[in-house]
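Student: Hi! Could you walk me through this protein, a bit at a time?
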Amino acid sequence: MSTQEEQVPAGEPSSEPRRRKKRSGDPAAVPEGDRPYKRIHIPEFCLPAIAYLKRDLGFVNDLQIIPWLLEQIRFPPCETPASGNFVPRPMSPPGGGGSSAGQRLSVRVTVVQASTVVFDTPSTLVKAEQLINLAASKGSQLIVFPEAFVGGYPRFLFSDDSGTKEVPFGDDDRLKYRASAVDLSGPEVERLSQMAAKYQVNMVMGVVERSGTNLYSTVIFWDSQGKLQGSHRKSTILHSESPLWSPASSSLVLPLYATSSAGRIGGLISSDNRLPLLRSMLYERGIQIYCAPTADATKVWKASMTHIAVEGSCFVLSANQFCRQSDYHRYCVEEEEEEKDDAVVSPGGSVIVSPRGEIMEGPRYHGEYVLSTDLGMYVIIHFGNYLNDH
């Protein structure tokens with residue numbers, strides 16, 4: 001008995017299987033709807049990527065996405081579709097060549113490792129623009145700054161790494177620190193928006209936010225047109241930060257924003273990255289570039305960033321300040337210790353990690369750096385997180 005059956009149309013008796021009609025050799029002679037498709041083999045590990053692309057680009061079925069993929073090999077896209085969905089720009093492979101077949105989908109990013117100018121926000125903004133200009137000159141589409149880059153991280157409350165030797169912090173110093181903070185609707189944030197628009201870069205920056213009587217460690221997101229996409233306050237405040245900073249309220253709105261040139265970016269500040277529930281919420285929403293401004297320069301932090309990259313199947317960009325005692329001057333040293341003015345109080349450790357857990361740049365210690373690299377977004381396509389599809 002045959003295991004395969006072929007249906008015979010009613011009213012057409014036949015003892016033999018029906019033969020297929022031979023099609024014309026000229027594809028143009030066959031109506032478009034009846035043209036045969038060439039059967040191709042797609043590896044199983046590619047299927048989630050196809051479903052991911054189909055959802056992101058708004059296609060109805062797989063028969064639309066396959067021709068689209070083939071078209072990208074011939075003519076890679078350079079523009080964002082009208083739907084607003086993200087299509088990374090094509091980048092030529094290292095060594096030049098420029099052939100379309102060799103181009104790859106990529107986003108160039110920069111992580112800034114530099115010190116704030118303590119108690120001098122105007123000078124800090126001047127320094128920020130210089131760093132943005134440097135990164136933009138390298139073709140960066142996304143720039144990430146450290147935690148509290150504008151306003152300053154309160155390292156000056158303690159004079160050593162152990163955090164046990166307190167430096168007197170009087171009312172005058174507290175007023176100066178508060179004056180260095182920024183309002184989200186203030187001129188400092190407006191100037192940063194103008195910088196993002198001027199250099200056409202997406203930007204993530206840690207600031208000390210002033211709201212009412214409270215100060216917060218806040219991260220702000222801008223798109224490449226200079227539009228402030230949103231902000232997020234740090235919720236887990238360390239003991240060394242609590243004299244000056246307040247924790248965010250319980251009504252958290254997690255930062256995740258779609259950009260036209262850098263994909264879906266978001267992230268958390270410093271110790272908030274140790275909260276699994278918040279991380280998993282970002283993973284589920286399809287984060288592609290996870291930004292983690294921090295003040296933690298330990299080796300354990302690098303391990304945490306690697307874990308987050310693998311766990312979330314996303315790129316991780318972590319930026320920390322590099323600071324010497326001279327950057328804080330009298331707030332970190334006593335008069336008899338001025339000869340130690342060049343001692344490092346924050347060695348940096350900024351790092352960029354791929355979804356595979358590979359270190360792409362960094363960690364860098366003992367100096368101010370601008371770390372730039374290209375993120376191959378195809379890595380997310382192959383190894384991305386597809387929780388939204390299940």
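This is a predicted model: local features need pLDDT of at least 70, side-chain atom pairs count only at pLDDT 80 or more; totals for chains, interfaces and linings use all residues.

Student: Okay, helix 7 first. What span should its 14 residues have?
Tutor: Helix 7 covers residues 299-312, and at 1.5 Å a residue it should span 20 Å. Its end C-alpha atoms are 20 Å apart, which agrees.

Student: Which residues of helix 7 are buried?
Tutor: They are W301, M305, I308, A309 and G312. Seen down the axis of helix 7, these buried residues fall within an arc of 100 degrees, so they line one face of the helix.

Student: And what does the face turned away from the buried side carry?
Tutor: That face of helix 7 has the exposed residues K299 and V300.

Student: What covers the buried residues of helix 7?
Tutor: The cover includes helix 6 (276-284) and strand 9 (289-293), along with strand 10 (315-319) and strand 12 (344-353).

Student: What happens just after helix 7?
Tutor: There you find S313, which takes a positive phi of about 50 degrees.

Student: New topic: helix 3. How far apart are its end C-alpha atoms?
Tutor: They are 24 Å apart. That agrees with the 24 Å that its 17 residues, 121-137, should span at 1.5 Å a residue.

Student: Where does S140 sit?
Tutor: S140 is in the loop between helix 3 and strand 3.

Student: Is S140 buried or exposed?
Tutor: It's buried: S140 has a relative accessible area of 5%, and the cut-off for buried is under 20%.

Student: Which side chain does the S140 side chain make a polar contact with?
Tutor: That of T110, at 2.4 Å. Leaving out residues up to four places away in sequence, S140 touches R108, V109, T110, A135, V201 and S372.

Student: Last one: which residue does UniProt list for "active site"?
Tutor: The unreviewed UniProt entry lists E147. You'll find E147 in the loop between strand 3 (142-144) and helix 4 (171-180).

Student: Is E147 buried or exposed?
Tutor: E147 is buried, with a relative accessible area of 1%. Its side chain is joined to that of K234 by a polar contact of 3.0 Å.

How values were computed:
Residues are numbered from 1 along each chain as its sequence is written. Side-chain values use heavy atoms; hydrogens and water are left out. Helices (H or I, at least four residues) and strands (E, at least two) are DSSP runs, numbered from the N terminus. The expected span of a helix is 1.5 Å times one less than its number of residues. Buried means under 20% relative accessible area, exposed over 50%, partly exposed in between (1.4 Å probe, protein chains only). The arc is that of the directions from the helix axis to the C-beta atoms. Contact means heavy atoms within 4.5 Å. UniProt positions are given in the numbering used here, feature names are shortened, and annotations may be inferred rather than shown by experiment. A polar contact is a pair of N or O atoms within 3.5 Å; within protein, one must be able to donate a hydrogen and the other to accept it, and residues adjacent in sequence count only if both atoms are side-chain atoms.
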